[in-house]
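Work through the exercises below with the sequence and the coordinates at hand. Each task is followed by a worked solution.

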Amino acid sequence: SQSGLAGLVAQFAKDKQVTHLVFGKSALADSISASLAVKLRLPLVNNIVELPEIAEGMVCKTSIYTGKAFAMVAAPKTPGILVVKKNAVALEAHIT
């Protein structure tokens, strides 16, 4: 179940002292990320369309009104849960 999965991820995050959780936008991610935000007491930012600015806290550009407008959302502390809109951030390969 989604609630059971959220509980497992929350326990893992607490045990490993995870500071950020990043999900790709989906129905499952929406459900789990909301539950995790409550369980872990972390800010949740949904529909991110660009990488966040992390200079002071966390500021993310998100799409609102079905993608017709954008908003800058500031989370009160850097650790948080981010849900990134599909195709919003380009993948980069780093080969060393």
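A residue counts as buried when its relative accessible area is under 20%, as exposed when it is over 50%, and as partly exposed in between. The model used here is a predicted one.

**Exercise 1.** Find where Gln17 lies and decide whether Gln17 is buried or exposed. Then do likewise for Arg41.

Solution. 
- Step 1: Gln17 sits in the loop that runs between H1 and strand S1 (20–24).
- Step 2: The relative accessible area of Gln17 is 68%, so Gln17 is exposed.
- Step 3: Gln17 is not a glycine, yet its phi is positive, at about 55°.
- Step 4: Arg41 belongs to the loop between helix H2 (27–40) and strand S2 (44–48).
- Step 5: With a relative accessible area of 71%, Arg41 is exposed.
- Step 6: Arg41, also not a glycine, has a positive phi of about 55°.

**Exercise 2.** Describe the surroundings of Ser63.

Solution. 
- Step 1: Ser63 is placed in strand S3, which covers residues 58–64.
- Step 2: Its relative accessible area is 7%; the cut-off for buried is under 20%, so Ser63 is buried.
- Step 3: Neighbours within four places in sequence are set aside; the contacts of Ser63 are then Asn47, Val49, Ala69, Phe70 and Lys85.
- Step 4: With one of these, Lys85, the side chain of Ser63 makes a polar contact of 3.4 Å.

**Exercise 3.** Which residues make the nonpolar surface patch, and where is Leu8 found?

Solution. 
- Step 1: Leu5, Leu8 and Leu28 form the patch, with an area of about 270 Å².
- Step 2: Leu8 is part of helix H1, residues 2–16.
- Step 3: Leu8 has 61% relative accessibility and therefore counts as exposed.

**Exercise 4.** Summarise the chain: its secondary structure, its radius of gyration and its surface.

Solution. 
- Step 1: The chain has two helices and five strands, and their order along the sequence is α-β-α-β-β-β-β.
- Step 2: Along the principal axes, the C-alpha trace spans about 40 × 35 × 25 Å.
- Step 3: Buried residues make up 28% of the 96 in the chain.
- Step 4: Among contacts with a separation of 6 or more, 54% link residues 24 or more positions apart.
- Step 5: The accessible surface is about 6500 Å², and carbon and sulfur atoms hold 58% of that.

How values were computed. Residues numbered from 1 in each chain as written. Predicted model: local features only at pLDDT ≥ 70, side-chain atom pairs only at ≥ 80, totals over all residues. Heavy atoms only, no water. Patch = residues over 30% accessible without salt bridge, like charges linked within 9 Å, V, L, I, M, F, W, Y side chains within 5 Å. Areas by Shrake-Rupley, 256 points an atom, 1.4 Å probe, with all protein chains shown as cover. Salt bridge = Lys/Arg side-chain N within 4 Å of Asp/Glu carboxyl O. Helix = DSSP H or I, 4+ residues; strand = E, 2+ residues; numbered from the N terminus. Buried < 20%, exposed > 50% of the residue type's maximum accessible area, 1.4 Å probe, protein only. Polar contact = N/O pair within 3.5 Å; in protein donor to acceptor, adjacent residues only side chain to side chain. Contact = heavy atoms within 4.5 Å. Rg over C-alpha atoms; globule rule 2.2 N^0.38 Å.
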